[in-house]
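Thanks for coming, everyone. Let me put the structure up, and then we'll walk through it.

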Amino acid sequence: MSRALKVRVSAAKMLTPVVRELTLEPCTGPLPGFSAGSHVQVHLPGNARNAYSLTSDPSDSLHYRIAVRLQEASRGGSHYLHRHVEVGDTLQISPPANLFALHSTASLHILIAGGIGITPFMAHIAELERRQANFELHYLYRPGLSDAYVQPLQQRLGSRLHTYSCRPDLSKILRDRPLGSHVYTCGPQPLIDAVQQQAKALGWPRVRVHWEAFKGATPGQAFDLQLLRSGQRLRVGADQSLLEALESAGLQIPNLCRGGVCGQCVTRHVRGEIEHRDSFLSPSEQAEFLMPCVSRGCGPCVSLDL
Amino acid sequence: MTVPSSPVLSYRNDFSFRNSPTAIRRFPFPFTEDSYLYSVNIEPATSRDPGSIYQHGFDIDEHYRSEMAERALVLDKDPRRYLVMPHMQVAAWDALQMLMEHLAADYPQWFVLERQGDRWHWRNHLLNIDQRFVFGDAASLPCEPLEFITRQVQGDFALLDQRDGDLYMDAGMVTSPADWSLAFDAGMSFKQWHSPVPMAHQMGVFDRALKYLLALQAGQPVRRLNWTLTINPRLDSSPETFHEWGADRGRITAENVGQQVHLRVELQVMARLPRSNAVMFSIRTYLISMDELVTVPGRGCRLHRVLRDLPEPIADYKGMSRYRQTLVQWLSRFDPQA
């Protein structure tokens, strides 16, 4: 939707056997500033785009950094960024947007990261250190696989870092915390669900629980698409998201997260069976709307009010 | 534009404020129809119509030095027109950066910004300011960053913190408000500070506007016009000084309407501040007397119909009930169907 930025890969590093860190510098002009928790969409071959958190210090106006976990069962975006992109290559990215901002008046920030879900917290930590804010990081990872930033964080955070190689007792982390505490979690969906459930069970107000899922479009079956207003007919491939198919046909659909969370791309569906995969719409809203960034048809054809 | 040579006019006492023919021509007349009702009339704030108030992100015009002198006067008397809560420091620097970058790019003859890393050099030729400072270090400026820059830019500025799915008025420089107070609204949420507005809440206007602003993206600012009426070209029509101007509304006669009643239009620009994720809400006020306004054909006629048919609660809220009849009567001469 908004104008893309052209960046050059100025450094690349394997942090673990499955996590590759890319440092990006602008091809022309300065990079837009960003706030901690922001992500960018990286444009990939075949009109696909994946969202990655910026891990760099928001005060660094010269570089962006992202860390990409190789996803074996994915549509190839991470594979491309791991195996095909080299230092010196250029990439198109969308400008940063933030759906996982720090709360400005929290008295304590409790960060809970699972695996590659550490990425937004790398920028958060830089910002929290600058603010001299009260925070702690709980970092759950598989040693030797998804422990991308453990070593530097150990030196940097000391006793504020708590590491786990299996699911910690969340009730211990969330019980009896001071008034004004906020908890943030990012990682696999089961971890996010568990944090939300535990926080709710312990009486945390909903607005003090922040989460960002790391999920994008996943493949499904191919289906036909009918656009009722324009009369267009399209085919959505098995590896393609509905949103990508619409973009390939030249439609401009507002979107930010491409993960079924932000609600920007909401579209009215009229006919056809839908497999809803979003975390934004209520079941009653899903009867009328879908989120084309993740959801798709599960029958032969879907009709949209576009 | 004739900014450097224009004399400093006053928005108080003798009210020497006047619009040149150019300023009258570029005045943002807000009515696109013969009637008015609330709408979230928001559009992308992209540059258009060279010479118009829409050409640049922040419009600098012939009243620049007058308005900056007025701001200094207001702040001398009442420093509480400026506010930055402790958690808004990053947003304040964000605002300084956005304003300096825009002014230097749009008006290079008046504003110059040179940067070497965090070492910045700012020159404002209109106000003879030459300041070197370290970006992010408030001690390197003569005053706080938001105060420093907003003493040099026309218009009021509110910085809104985004949290809990809402926006909070947690910082700003507001010396020319249309009857609202930053000190009173400080810390309020979006709907709290809009609560005095009649009718619009029930229409869902603020639900839609808030949702829209929460999703505002950096680099994609939006704008809208808002309007009211003011007696005399008084920029500072704030609740704090109501005792100085409130009674003016009862002194409008058929003889002084044209000179004293002013249409007051706000160009509101909303922009995401990239580093802080706060929203900058800028309110650039344009004043024009009825005598000046009707020199442009069609405007007197349209304003007549709008004010004649305006719903009573909106007229009340805009503070015109005491003189509305006199004004509508005066304007009717410009309406061939009246």
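How many bridges join strand S9 of chain B to strand S10 of chain B, and do they run parallel or antiparallel? Eleven bridges, and the two strands run antiparallel. S9(B) covers residues 261-272, and S10(B) covers residues 279-289. One pair to find on screen: Val269(B) has Ser282(B) as its bridge partner in S10(B).

Some ground rules. This is a predicted model: local features need pLDDT of at least 70, side-chain atom pairs count only at pLDDT 80 or more, and totals for chains, interfaces and linings use all residues. Residues are numbered from 1 along each chain as its sequence is written, while chains are lettered from A and ligands numbered from 1 in the order in which they are written.

Terms next. Helices (H or I, at least four residues) and strands (E, at least two) are DSSP runs, numbered from the N terminus. Strands pair if DSSP finds at least two bridges between them.

How confident is the predictor? pLDDT is its confidence in each residue, from 0 to 100. Chain B has a mean pLDDT of 94, with 98% of its residues at 70 or more. For the complex, the ipTM is 0.87 and the pTM is 0.90.

Stay with chain B. S9(B) and S10(B) sit in an open sheet of seven strands, ordered S1-S8-S9-S10-S6-S7-S2, with antiparallel pairing. Its edge strands are S1 (43-44) and S2 (82-84), each pairing on one side only.

Now helix H3 of chain B, residues 89-106. Among its buried residues are Trp93(B), Asp94(B) and Leu103(B). Buried means 20 or more other C-beta atoms within 10 Å of the residue's own, with C-beta atoms placed from the backbone.

Over to chain A. Strand S8(A), residues 108-114, is mostly covered: six of its seven residues are buried. It pairs in parallel with S11(A), residues 181-187, through six bridges. There, Ile112(A) partners Thr185(A). S8(A) also pairs with S9(A), residues 135-140, again parallel and over six bridges. Gly114(A) stands opposite Leu140(A) in S9(A).

What do S8(A), helix H2(A) and S9(A) make together? A right-handed β-α-β unit, with H2(A) at residues 119-131. Right-handed means that, with the strands pointing away from the viewer, the path from the first strand over the helix to the second runs clockwise.

Last, where the chains meet. The contact takes 16 residues from chain A and 14 from chain B. Contact here means C-beta atoms, placed from the backbone, within 7 Å. Chain A's side has eight nonpolar, eight polar and no charged residues. Nonpolar covers Ala, Val, Leu, Ile, Met, Phe, Trp, Tyr, Cys and Pro; charged covers Asp, Glu, Lys and Arg; the others, Gly among them, are polar.

Terms used: Contact = placed C-beta atoms within 7 Å. pLDDT = per-residue confidence, 0-100. Buried ≥ 20, exposed ≤ 12 C-beta atoms within 10 Å, placed from the backbone. Expected span 1.5 Å × (residues − 1).
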